[in-house]
Amino acid sequence: MKYFDELKRTMEWLAGHPQVIFLGQSAAVPGTFMYQTLRDVPPAKALEMPVNESFQMQFTLGLALGGYIPVSIYPRQNFLMLAAGDMVNTLDKFADLTAGGGSPRIIIRTAAGPDKPVHPGHQHVGNYASAWRGMLNRMEVVELNEPGDIFPAYERALMRPDGKPVLIIEHGNFYNEK
């Protein structure tokens, strides 16, 4: 099993859930390495977003409150940091902010961007998993280091009994390896 193939299979499985919707940059059109994992997802399940990370996180929260299970895609962690205030101050506290303490399910999908075959610059390849773990007290942060980690992590995020939001970190360099 290869990393990319397992991601693609998992995204197609998620798309089969009636409440799941994918949103983000290159969620509906080519543009980043992550798009290829969504290329066979039905177009009605993918919503392209402008390059406005904070707005995307707020939109994600709104979709979740509206009954959807958003898979919000930020192709690089460096740019997810532009939505950090919304994640740390709202999404991480979602269970406290919603009636009855239950959280609508939200999956944030991001990656340490690939630096092969060409290094795109340091603003595209950061891995801040330990920083996210330090800032997000109620959200689970999962890093996908092996192909066998992929499906169980997304399945657990979708089916969590507590409904807590989950940040899943992929590795762009593994898309063409493992």
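F33 and Y175 are both buried, where buried stands for under 20% relative accessible area, with exposed over 50% and partly exposed in between (1.4 Å probe, protein chains only). The model is a predicted one, in which local features need pLDDT of at least 70 and side-chain atom pairs count only at pLDDT 80 or more, while totals for chains, interfaces and linings use all residues. Residues are numbered from 1 along each chain as its sequence is written, and side-chain values use heavy atoms, leaving out hydrogens and water.

Now for the rings. The structure holds six aromatic pairs; rings of Phe, Tyr and Trp (its six-membered ring) pair up if their centres lie within 6.5 Å, and planes under 30 degrees apart count as stacked, over 60 as edge-to-face and the rest as tilted. In one of them, Y3 and F174 have ring centres 5.3 Å apart and planes at 80 degrees, so this pair is edge-to-face. It links distant parts of the chain, with Y3 in helix α1 and F174 in the segment after β6, 171 residues apart. Helices (H or I, at least four residues) and strands (E, at least two) are DSSP runs, numbered from the N terminus. Y3 and F174 are buried too. F33 and Y175 also pair edge-to-face, at 5.0 Å centre to centre and 80 degrees between the planes. Because F33 lies in the loop between β1 and β2 (46-48) and Y175 in the segment after β6, this pair ties together parts 142 residues apart in sequence. Y3, F4, F33, F174 and Y175 form one aromatic cluster.

Next comes helix α1. Its 13 residues should span 18 Å at 1.5 Å a residue, and its end C-alpha atoms are 18 Å apart, which agrees; the expected span is 1.5 Å times one less than the number of residues. Buried residues in α1 include Y3, F4, L7, M11 and L14. Among the elements covering the buried residues of α1 are β1, β3, β4, α7 and β6.

That leads to the core. A nonpolar core is a set of buried Ala, Val, Leu, Ile, Met, Phe, Trp, Tyr and Cys residues joined through side-chain atoms within 4.5 Å. The largest one here has 29 residues, and L14, F22, L144, Y154 and I168 have the most contacts inside it. The largest share of this core, six residues, comes from α1. Apart from it lies another core, of 20 residues, among them M57, I108, W132 and L167. Leaving aside residues up to four places away in sequence, L144 touches Y3, L7, Y154, I168 and F174, among others, contact meaning heavy atoms within 4.5 Å.
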